[in-house]
Amino acid sequence: MIKVALTSGTASQYTDGKTEVNVEAKNVRQMVAALERDFPGLGTEIQQSMSVAIDGVILPDPYLEAVDEDSEIFILPKIGGG
Amino acid sequence: MNEQPKQFKWVGTRTIRPDGVDKVTGRAMYGADLTLPGMLEGKVVRSPHAHARIISIDTSKAEALKGVKAVVTAADMPEAESKLVAAGEAMINFRDLAENVIARQKVLYAGHTVAAVAATTNDIAERAAALIKVEYEVLPHVIDVLDAMKDDAPVLHDHIFTGGVKPKPEKASNVANRVEFALGDVDAGFAQADIVIERNFTTEPVHQGYIEPHAVVADMGQDGKVDVWCSSQGHFMVRSFCAGLLKIEMSKIKVTAAEIGGGFGGKTTVYLEPLAIMLSHKAGRPVRMVMSREEVFRASGPTSGAAMTIKIGATKDGRITAGDATLYFQAGAFPGSPVGPAAMTAFAPYDLENVRVVGFDVVSNRQKVVAYRAPGAPISEYGVESVVDELAEKLGIDPIEFRAKNGAREGTKAAYGVTFGTIGMQETLEAAKATEHYKIPLGPNQGRGVATGFWFNIGGESCAGIRINEDGTVSLTEGSPDIGGSRASMAIMAAEVLGIDVTKVKPSVVDTDAIGYHFVTGGSRVTFATGMAVVDAAKAAVDELRARAAKIWGVDVDGVVWEDGHAKPASTNVGDFEPMSLAALAAVANKTGGPISGHADINAKGAGPGFGTHICDVEVDPETGFVTVLRYTAVQDVGRAIHPGYVEGQLQGGAAQGIGWALNEAYMYDKDGKLENAGFLDYRVPVASDLPMIDAILVEIPNPTHPFGVRGVGEVPIIPPLAAVNNAVAAATGVRFTALPLSPPAILAGMSAKD
């Protein structure tokens, strides 16, 4: 099981306020699918408008990146810039 | 791993800018400089109303005018689907993008496009635009962000129901979205505090203020192929948006990035480009469109103005126990303010256990906001850094020491949830404290302010091509429009890897047909991400050069190394061969396998976060309230400066823009919601004579994920100035101001209230 951390705002919408959830996944693609299955709408929200940070590195378009139980995984809004 | 500094020949040097001569001699081609045979001039008809329903548009008189070749209204444009796309700092809805380009049923701000016309001359196009009759039903409007949130406010969009809340509201609202970030227990944190300061702040929207207005030439052929030449921070973005808005296949649109006279985030979307293409399609001739300065102000995006409440608690010994912020951001006429990044960055410079930030994205009858350097961060960090400074003052602790005590370090869990890797927050504070500037005594009515700033920095898609020419020179191609001297940095990095003189490398930003997709030039990503692609492409070319030498020598390629621009035997065991230079290998390339090149197409990851600390000295005239900036120092962790001159320029430019934001710039609307100061005379940005020389100090804590240690540098320097100036004015006057800009009347009023 991997631990996925969410912002409190996202958690209030999709996970009944839980800012950390556990799912079974070996990469981000599987993680997003598992989150969508367990928390309907969350996976879609991640794909549309969120980034995933793994071990402190923010990935705007994550897909096949490996994750494991030791990974620090955080879901946050996409970041651009001027 | 990073290369070691001692190995560098070109990285860190101040080479001549490849585009410099063209720019100082007037040879450089900007957006409005292209002229094509048969080209028409396009003009836009804009709404005079802040909020109105379009009843009818009569174009008949305009179309009948001699010389008019095409008129476009929303009826000519395909209906856009509701779909999220990346645009600068945020995701935006494609339907909103389409309706910002040209209004369909309602106009949502004074200046909103309702029609466009193309004619043989500018004069005829202007007369034709005046002949287009638009009948409106004027609706109540709302400008202020807090007014727009009231229950009785005019609602701009009946399909917007506040997102980010549960359950979904039943009533449409101007509050498009709510975001929240929280760590720990803020109430418990405040309970531990010996001192708690809470302040309400406001900031005004400010324009990016690029010197070159939006400009485009579009030419659509009878076969449906489109050529676009424009001033943009992302020609691939222009291709993508125009293809989506006009339902044209991407491969049929070629976009060339003209030289660009500034963008700062403001050119990460489209305004004129789809109109010019549609006019060209209807007229069968090329069309040029150029915004006037007034149109730039009335119709292109500033960044948000905001209202916010900041509350921070600390112990007597200077440890922050909790931070709480509520942010209300103007989005303009469509959702998409940078309140998300503002919320994430607000407390990011600090190592805090208890943090909560709530943000609201609010639409009103203003120009749609668009990215501006470090979107959102200058606003929220202005509030936080002002309160942090007040806490330090009240606790009697040096403001730099107070920040250092609470500042983020490697391993700190940022307030937005991510654990920092290698960062330079503490090092910028140390460097700032060590400056002579920080020690200079101040005189009467003078004050010194300090502030820090944080920005994430980003990577993203970039490509690069290295082609070794027959004479040993190198053509370097990439696709990131060059706003801040990036071609020089690309040439430096290529020369460093190839081991040749930097003047032998000619960098070019090529069109969308000539190279793979690039994300926009924004987010401080180009020297990092496109630079990474250039390094990879150069390394691929080196591998091919080694392979050619191996062929000539009849040895295995592993027996050939590349050093100082030459192929050499890896050891004496390989054989006794004279080193071959890049030029020598290029000269025989046709005999050893054909042209030599290297390419890279990447989605760069691992952009290193950036931190900066600024010091500002001001003198406030007690008679007039006028603020003179006496001294200014910008310190920043830049990872590694590939071209220090251009990095210093980024710091100086960001500081100048931030000082303007703090002291001068604001949008002023009349009672009808029409912008009153749509020009540089009344919207005053700082000019050279307003500012002292800005000292730039580069701290280099290399980013471990970039081959040369690069971090983005363009966003951070605009963040600290707002609070640095505010804190300096507070020190000079004894008044803690909470509204920007710090205009002389506002300062006089504040000083009078104190007395």
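Chain B holds 20 helices and 28 strands, where helices (H or I, at least four residues) and strands (E, at least two) are DSSP runs numbered from the N terminus. This is a predicted model, in which local features need pLDDT of at least 70, side-chain atom pairs count only at pLDDT 80 or more, and totals for chains, interfaces and linings use all residues. Residues are numbered from 1 along each chain as its sequence is written, while chains are lettered from A and ligands numbered from 1 in the order in which they are written.

**Exercise 1. Work out why chain B counts as being as compact as a globular protein of its length.**

Step 1: take the radius of gyration over C-alpha atoms, and get the globule rule from 2.2 Å times the number of residues to the power 0.38.

Step 2: chain B has a radius of gyration of 27 Å, close to the 27 Å the rule gives for 755 residues, so it is as compact as a globular protein of that length.

Step 3: The C-alpha trace of chain B spans about 85 × 75 × 50 Å along its principal axes.

Step 4: In chain B, 58% of the 755 residues count as buried (20 or more other C-beta atoms within 10 Å of a residue's own, with C-beta atoms placed from the backbone).

**Exercise 2. Find the strand order of the open five-stranded sheet in chain B, and say which strands stand at its edges.**

Step 1: read across the sheet. The order is β9-β17-β16-β15-β10 (chain B), with mixed pairing; two strands pair if DSSP finds at least two bridges between them.

Step 2: check the ends. β9 (175–183) and β10 (195–203) of chain B each have a single partner strand, so one side of each is left without a neighbour in the sheet.

Step 3: follow the twist, which averages 10° from one strand to the next.

Step 4: pick one pair. β16 (residues 320–332) and β17 (residues 355–363) of chain B run parallel over nine bridges, and B:Thr326 sits opposite B:Val358 in β17(B).

Step 5: find the helix on top. Helix α11 (residues 377–395) of chain B lies across β10, β15 (306–314) and β16 of chain B, at about 145° to β10(B). Axes here are lines fitted to C-alpha atoms, for helices over the stretch in contact, and angles run from 0 to 180 degrees between N-to-C directions.

**Exercise 3. Describe where domain 2 of chain B touches domain 3 of chain B.**

Step 1: get the bounds, which come from an automatic or database domain assignment. Domain 2 is 40–139 + 211–262 + 267–299 and domain 3 is 306–457 + 608–754, both in chain B.

Step 2: count contacts (C-beta atoms, placed from the backbone, within 7 Å). Here 19 residues of domain 2 of chain B meet 23 residues of domain 3 of chain B.

Step 3: name the elements. On the domain 2 side, β5 (90–93), α3 (94–101) and α9 (293–299) of chain B give two or more residues each. The largest share, five residues, comes from α9(B).

**Exercise 4. Which element of chain A gives the most to the side that touches chain B?**

Step 1: start with the totals: 24 residues of chain A are in contact with 40 residues of chain B.

Step 2: list the elements of chain A with at least two residues on that side: α1 (8–14), α3 (42–49), β4 (57–59) and β5 (73–77).

Step 3: α1(A) gives the most, with four residues.

Definitions and conventions: Two residues are in contact if their C-beta atoms, placed from the backbone, lie within 7 Å. A residue is buried if 20 or more other C-beta atoms lie within 10 Å of its own, exposed if 12 or fewer, and partly exposed in between; C-beta atoms are placed from the backbone.
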